[in-house]
Amino acid sequence: MLIPAGMQKALKVCHLVGVSSWGGGCLAIMVLLYASAGASAAQELFGVLKGLHFVNVTVLLFGGFTTFFTSLAYSLCTPYGFVRTRWVALKWLLLLLMGVLGILFLGPRGTELLETADYMGIIALETPGFMQLSSFLFLLLAVQFSLLVLAIILSVYKPWEGKDAARRAQQA
């Protein structure tokens, strides 16, 4: 079932809001991680990490789920499909990779940082495990943000589009 052009534009707006929220959430959490290293009191550290957790469970999840469901609608209700073109198939692969990365690693590690800071207080900043976990989370967020930017680049430049169209025409 294909949707009319006007509805496709509304879908694109929703998709862009989701992608923007996801990317903005990644950047906000990275900034909060950086800020947490400079905390001078237990309450300050806990407050920064509580903000990080809040951004994760609201902005990042909203962005991820909105992006997933609007992508699903795009694939089902527009001529793009799931694997009709290589750039769309690659975007799906990136989306699934980012989702798994977020669900299995980013969310739980952010919660772990918050729980550790709540338990240990400011001393957490002096423990190698806490700092390694914080650095690991920062790295994962940088990877996720980079993959998101790559997906945006694929959407704008649509590589292989001419080759995919020629391949479909040849098969017809």
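A: The residues that line the largest cavity divide into six nonpolar, two polar and no charged, where Ala, Val, Leu, Ile, Met, Phe, Trp, Tyr, Cys and Pro count as nonpolar, Asp, Glu, Lys and Arg as charged, and the others, Gly among them, as polar. This is a predicted model, in which local features need pLDDT of at least 70 and side-chain atom pairs count only at pLDDT 80 or more, while totals for chains, interfaces and linings use all residues. Residues are numbered from 1 along each chain as its sequence is written, and side-chain values use heavy atoms, with hydrogens and water left out.

A cavity is a set of points, on a 1 Å grid over the protein atoms alone, where a 1.4 Å probe fits but cannot get out, and its lining residues have an atom within 4 Å of a point. The structure holds one cavity of 30 Å³ or more, and the largest cavity contains about 40 Å³ of space, a volume being the space filled by probe spheres set on grid points that are joined across faces, edges and corners.

The lining of the largest cavity is made up of Ile29, Leu52, Asn56, Leu60, Leu106, Gly110, Leu137 and Leu141. Two or more of these residues come from each of α2 (42-77), α3 (86-120) and α4, the helices being DSSP runs (H or I, at least four residues) numbered from the N terminus. Of these elements, α2 gives the largest share of the lining, with three residues.

How values were computed: On a 1 Å grid over the protein atoms alone, a cavity is a set of points where a 1.4 Å probe fits but cannot get out, and a pocket is an open set with protein on both sides within 12 Å along at least five of seven lines; lining residues have an atom within 4 Å of a point.
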